[in-house]
Amino acid sequence: MKRIAILLLMLFVILGTKALGQEITVTGTVTDAEDGETLPGVSVVIQGTTIGTTTNAEGYYELHNVPEDAVLEFSFIGMIKEEVPVEGRSAIDVELVPELVALEEVIVVAYGTTQRESFTGVADQISSDRIERREVSDVSRALEGQAPGIQVTSGGGQPGSGLDIRLRGFGSMSASNEPLFVVDGAPYDGELSDLNPNDIESISVLRDAAAAALYGARGANGVVMITTKTGADRPPEVSFSARMGTIDRALPEYPRLSTDEWMLAKFESVRNSNIANGDVEAANQVTPDRLYSDLGRYNPYNMEYEDLFIIDDQNPWLVEFNPNAELQYDEDFSDYLLRTAMRQEYDFNVSGGTEISDYYVSLGYLNEEGMAITSGYDRISARVNLNTQPVDWFETGLNLSGSASHYNHLLAQGTYITNPFFFQRGMGPIYPVFLKDEDGNDILDEDGNKIYDWGISEGPQGERPIWGNYNLAASLEMDDRSYDQESVSARTFMQFNIMEGLNFRTTLSADYYSRYQTVFQNPDYGDAGPVGGRGTKAHTRNLSVTFNQILNYNRTFADLHNFEFLAGHEAYMMNQNYASAQRIGFPVPGITEIGIATVMDGSTSYAHEYTIESYFSRLSYDYDNRYYLSGSYRSDGSSRFHEDVRWGNFYSIGASWRVTQEDFMQGIDWLDNLRVKFSYGEQGNDQLPTYYAWQSFYDLGFSNHDRAGGLYESHANKNLVWESSQNLNTGLDFRVFDMVTVEADYFIRRSSDLLMGVPLPYSTGVPEIDMNVGAMENTGIELRTVIDILQQTDLRWSFDFNLTHLQNEITDMPEDLEGTIVGTHRWETGRSYYEYYLRQVSHIDEETGQTMFFYDDEDGNKETTPDGDRADRYFVDATPIPDLFGAFTNNLAYGNWDLSFMFTYGIGGKSYDNVYSSLMHEGNLGYHMHKDLADRWRSPGDETDIPKTEFGNPHLFYGSDMYLRDMTYIALRNLTLGYTLPQNISEQIGINNLRLFVAGENLGIWNENEGMDPQHNFSGVTDHTYVPVRNITFGVNLQF
Amino acid sequence: MKIKNIILSFVMLSFILGSCEKDFLETAPTDRLSSDVLFDSYDGAWIAMDGVYRMFYIYDNSYDDDNMLGHHGTGYLGNVLDITLMGEDMPMAGRGFGWYDGQYGWRAHRVATGNVLTGRWYFFYNFINQNNNIINNIAQVEDATQSELDHIKAQALTMRALGYYWLALKHAKPYHEGRDNPGVPIYTEPQQTGNPRATVGEVYDRIVDDLDEAIDLFEASNMPREHESHATIDVAHGLAARNALAMNEYETAVEHAQYVIDNSGASLFTIDDFAEEPHMLLNDRSESEMLWAVHITSEQSPGFAAYHDHLDSRFMTYAQLGAQKLINAELYEGMADTDARKNWWVDPEEAVEDHPHFIAYNNQKLMLPNIGDYTTDAPLMRLSEMYLAKAEGLARGTGSDDDAAQALYDYMSSRDPDYEISDNTGHDLIEEIMFHRRIELWGEGFRFFDLKRSGEDLVRTVDQGHQPGIADRMHEPAGSDSWQWLIPQDEIDANDQISSGDQNP
């Protein structure tokens, strides 16, 4: 049979040659215009025919029987197609120019790779050059803006931290909304920051059902697949990069009152709280004294309190600050707590291979200081990726990586007093860092050094009314909040090629990390001062193993019918242990080991175990590369559910049609690759906060003195099943005029059987029970366009733009949960999960300066009241979900120069700015105040939207829509300018490639509310977290 | 080729067959046990019972993820501080870091969505449910004698009664205003659905029944106490006396108090006890007057949330950082100079300006034994309360004033060597007894309840030491709506049997 075919083919070829005539043989070499390297595998085709060849390993081609007037098309993945008229020449060398933004042709999907054009799902692949361009320590940060549908938080500026990612909105209420991360084919349980971004070859973001379904059980929130670099059959390639840069704050501080303005506001605050029977003048009289004592007898001015305030002759309400008052000291804690920090990173790798084996070996070192003192991160990472195929029927390989990191951490979140951002922001401006005498001069110790002011009457002042016994400028150095983390991640596989098109592959993957944490609070001041210091040592170890076996079958029938079939089994196991011990009473400073401390103050340990077993299959079929169909089915059992109901079945179907492959489209040459696609599928989510939701327990951690004690903690729900997510996607992509590529998708993502803690009446003694209730829907439009504006060899410019519009709605809610208020939000059918539900401010009363809130009276009429407790809450028609978000990137290359810059943006959405609210509050007299308070109500008749200040009257600044602020923003997220040394020069110094670059991250974030982080988190509620940082880096890449 | 295929098949087969064991998907936690397992054994039942006692000083920071009780989360003892601060006898020197100022200012208990209100409600119902689990599962224990089972059940019943006592006094109108007023929901067994508000009468009947049954079971089992934190027959009688006062059933109060005085074996402190280190009296469970006390180790202490952390101002914590808990100056000044109890507070004559601990009238009564260590005992019931309950019961009830004065004298002679038996009668005598009760039980969780059950106005004055800006509520007439803690909104939302119309006005 084979022989007959060969004979026929030869006959055909012979006949064919005879028929043409007037033909010549063309030879030549194809090289990369950028680095001059020869390009193997370039397709060379005579235009309008299917006759062609590809270049060999040296980039050489030879094409026979070419008509003298023919045009040759040279095309290669990632390169701009070149069309060259033969014009009778027999030698044609061609330089191909790389595309600036290459849409990858081969993309990594679940359990394999696929051709972009044959893929029925929605996936974006982000290549290594786009990752390497980013000066980030955690790879999650490199994902922002790279594709539509990816919504991220800012992640703050804590060194080594990543950001949170949501794909296509919010699917769950109580269960996790995090996408599944898969590294080299196995779900990854380690920390993303343990991966060196420079080792990453590509990241695929799988967004729809057809793409993510094969991770059925855990793919409900989308899948992010990370593939690391491998070697190839080529001579060794050595590369080295070094980067060094600075880090400082990307957002300015919230604007606050000047010291003079602040003092005046405080005067009014205390005065207003002192007014009895409307007698303002009497209140004015006693206020300076009271203020002096209430502010802890701190006075930075060159005069007494009673001289600081000048009462208006006409209107006793109006007080002016004495213009002659001068500050005798003016110290700002931020000068001592924040800094410009350094970041440096060095990476080295070698890769290469032979026909049989390939290798990639890397080593990386990163050191990143934080902009807050004592914070920092460093990481040493290494990787070896090996693959070998010693015989044609057997392949095996190992990807092994390890890292050791140290996080110098601090509590830079929330209202912990040890959070330097909170501390420097909230500390009233009159409070100095160092002890001052009555004249405002530094008090010095015996050695002539300044002495820190702890606010506990160590100088002439009294107690600081805010954060007595704390001074972070000193104590952060005395404390220790850090951890060491070591991780090892291994992926190993064996593949048996049983026969043509059929193979069996088994993969064993393991991720291990160990985190050893130290928290030490110094024995002298602050939190642990009273107990003589507190030290905690905690250890977490986490091992997860995935083991799978997959049978793969690939076959093409009659050159038209392409089949691919896959079936597999997978087992996943996670095992986590935690142990911690805490002691108090450290007799000598400087030692943080707890053995030295005297009193046991707490110790605990526990273990978590979590397993999943899965069976899965996928069938893909296409007819003539025109019509594509795919389907997958997966069955997962999770240990989180009772054995009778633990198995969930998930599936997907996908179809696409490459319209431009049709005969009737052949005449249209301005349109390429028009494709329509559709997918639908169902995935699952079992990521409850607890691992044992179906069981009922006594928690045994409640001993009573020396007697073991336990408390009934949770009800069992043996009917708990997988939360499911139904995803529909329909999309279109095409390229026009060989210049504009467009991909557009519309999706509906519906989650149902949501895993939620359903509140029980508190009077039953157990606050909630986990149940499957409710449904939520996300619908959205995603668009990505890439425009190759200029494609000349010397000047190239492309513009990459994406946007996402997303709508989130609760579509079903059981009666018990309807109307549940969660912080500033309220769950209600027909509204967004994140819809704000707040008190509403009507106006500021002109006569009294009080905030007037709306409430509904008994007849349902909207009335106003100054009593914040009486105020009703309302939906204020706002959510933190932007109307549109996305990014646009310009990539330019001119000669040896390259420039790229990416903006990300969000339009619409409201943030509930808690930080702003804290600066508008008067909970603590010593707290700093927001600049907006300069416009406060000061005397009867004032028309303003900021109420008066009055200490002890919380109603004025009760949580309300007053703190809703627009999130619309645009940020210059990244800019990179590079220069590649011309090859003839670099080769003289023995270097294949040398590129110098300067890059910046977060160079500007523009939002109308100064200081606010518009991407703080998905719920829109800000807090005092580590401010996002700006990074400016110089670097060099060398390749040998 | 053939050999290779055989090998391959074998390898594949072994992978697939060996993949998962049958119980691969069965996982269980290592630090938890199911109720079934726990109540299999007597030791297990004790674990549940001791968990209940841990609740007296548990750090119950949150009842759900969004509502943190923070440093109010001090278990039962946090409630004790609430009830003291809501009276007029514990002025706060300043707002400090803001903890407990909502209770002191009479705001926290009137915001239906407030986390203190909700957290406290949940605390007592969680407490009740823990006991219901014991009461309903105890029969399942196989390796115990009847008297062992009775011993545990009696304790759980006593504790359940305590839970309802608190809820009734807080969330319902006082008993004397009528048995038919709305009370709080009653649960006598674990359940997942809510119950409606029972009447005040039904709730108090439940308390009385539980205590009566507990007393019977304690008598029947006649087992020794295993730890000072455990309830005993004396504790049950003592609570019955407390409860009888709340119900204005004075004869009953006297009977129960008398039982404890006669049978507990405890004895009153002596004047000598006060002479040295008076602040060490109430943090030692072995002291003669202690009927019932918890022992809190530093490790089990709620730390910053600890009851003592809010009270002991020698410690650089809340009580020192501006929120010192003072005694009502009028009470202090009302004590005779020879009264040993004066040592429990800082004499204004000896106050040291700017020393946070030695400011005038500052607490020295409820203190930690050692600075730098949270280990301490805390009193839950003392014999002096029984003497005072007896005296009050006699004075308010049908007893003779002479007997009442004698009962007061029996107590006062242990406090003031120069005290002479009172010749007050009627209202004056009651006033005198209450005066000493306020001093003796200062900080131990009585004053708001005493005002409420006896129908007296809250009257706070600047002279007593209250600053209007912090105390907020300086006067509240008896019988007003503000005396009732609201029902948490979360309860109304989740409980089908309680609607917003059932909310306290």
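**Close-up views of a predicted two-chain model**

**Figure 1. Strand pairing between chain A and chain B.** Tyr698(A) has Leu33(B), a residue of β1(B), as its bridge partner. The structure shown here and in the following views is a predicted model. The two strands concerned are β32 of chain A, residues 697-699, and β1(B), which are joined by 2 bridges and run antiparallel. Strands of a sheet pair through hydrogen bonds of the backbone, in either a parallel or an antiparallel sense.

**Figure 2. The interface of chain B and chain A.** Contacts across this interface involve 83 residues of chain B and 83 residues of chain A. The size of an interface is often expressed as the accessible area lost when the parts come together. Here the area buried between chain B and chain A is about 6,900 Å², and carbon and sulfur atoms give 58% of that area. The interface holds 25 residue pairs in polar contact, with both residues at pLDDT 80 or more. On the side of chain B that touches chain A, the elements that give two or more residues include the helices α1 (2-17), α3 (42-54) and α6 (115-137) of chain B, and also the strands β1 (32-33) and β2 (62-64) of chain B. Sorted by class, this side of chain B has 36 nonpolar, 29 polar and 18 charged residues.

**Figure 3. A salt bridge across the interface.** Side chains of opposite charge can pair when their charged atoms come close. The interface of chain B and chain A has 5 salt bridges. In one of the salt bridges found in the model, Asp50(B) pairs with Arg707(A), and their closest N and O atoms are 2.6 Å apart.

**Figure 4. A three-stranded open sheet of chain A.** In this sheet, 3 strands of chain A lie in the order β4-β1-β7, with mixed pairing. Strands β4 (60-67) and β7 (94-96) of chain A are the edge strands, and each pairs on one side only. From one strand to the next, the twist averages 35°. Strand β1 of chain A, residues 23-32, runs antiparallel to β4(A), and 6 bridges join the two. Within this pairing, Thr29(A) has Tyr60(A) of β4(A) as its bridge partner.

**Figure 5. The hairpin of β5(A) and β6(A).** Strand β5 (residues 71-75) and strand β6 (residues 82-85) of chain A are antiparallel and share 4 bridges. Leu72(A) is opposite Val84(A) of β6(A). In the hairpin that these strands form, 6 residues lie between β5(A) and β6(A), and Gly78(A) in the turn has a positive phi of about 85°.

Figure 6. One bridge partner is Leu206(A) in β15(A), which pairs with Ala123(A). Asp124(A) forms a salt bridge with Arg207(A), with 2.0 Å between the closest N and O atoms. This pair links distant parts of the chain, 83 residues apart: Asp124(A) belongs to strand β10 of chain A, whereas Arg207(A) is in the loop between β15 and α3 (209-212) of chain A. Over all chains, the count of salt bridges comes to 80.

**Figure 7. The surroundings of Thr374(A).** Thr374(A) is in the loop that lies between β21 (357-369) and β22 (376-391) of chain A. Leaving out residues up to four places away in sequence, Thr374(A) touches Arg339(A), Asn408(A), Leu410(A), Leu476(A) and Glu477(A). The C-alpha atom of Thr374(A) is separated by 65 Å from that of Ala91(A), a residue 283 residues away along the chain.

Notes. Residues are numbered from 1 along each chain as its sequence is written. Chains are lettered from A and ligands numbered from 1 in the order in which they are written. This is a predicted model: local features need pLDDT of at least 70, side-chain atom pairs count only at pLDDT 80 or more; totals for chains, interfaces and linings use all residues. Side-chain values use heavy atoms; hydrogens and water are left out. Two strands pair if DSSP finds at least two bridges between them. Axes are lines fitted to C-alpha atoms, for helices over the stretch in contact, and angles run from 0 to 180 degrees between N-to-C directions. Contact means heavy atoms within 4.5 Å. Buried area is the accessible area (1.4 Å probe) that two parts lose on being put together, summed over both. A salt bridge is a side-chain nitrogen of Lys or Arg within 4 Å of a carboxyl oxygen of Asp or Glu. A polar contact is a pair of N or O atoms within 3.5 Å; within protein, one must be able to donate a hydrogen and the other to accept it, and residues adjacent in sequence count only if both atoms are side-chain atoms. Ala, Val, Leu, Ile, Met, Phe, Trp, Tyr, Cys and Pro count as nonpolar, Asp, Glu, Lys and Arg as charged, and the others, Gly among them, as polar.
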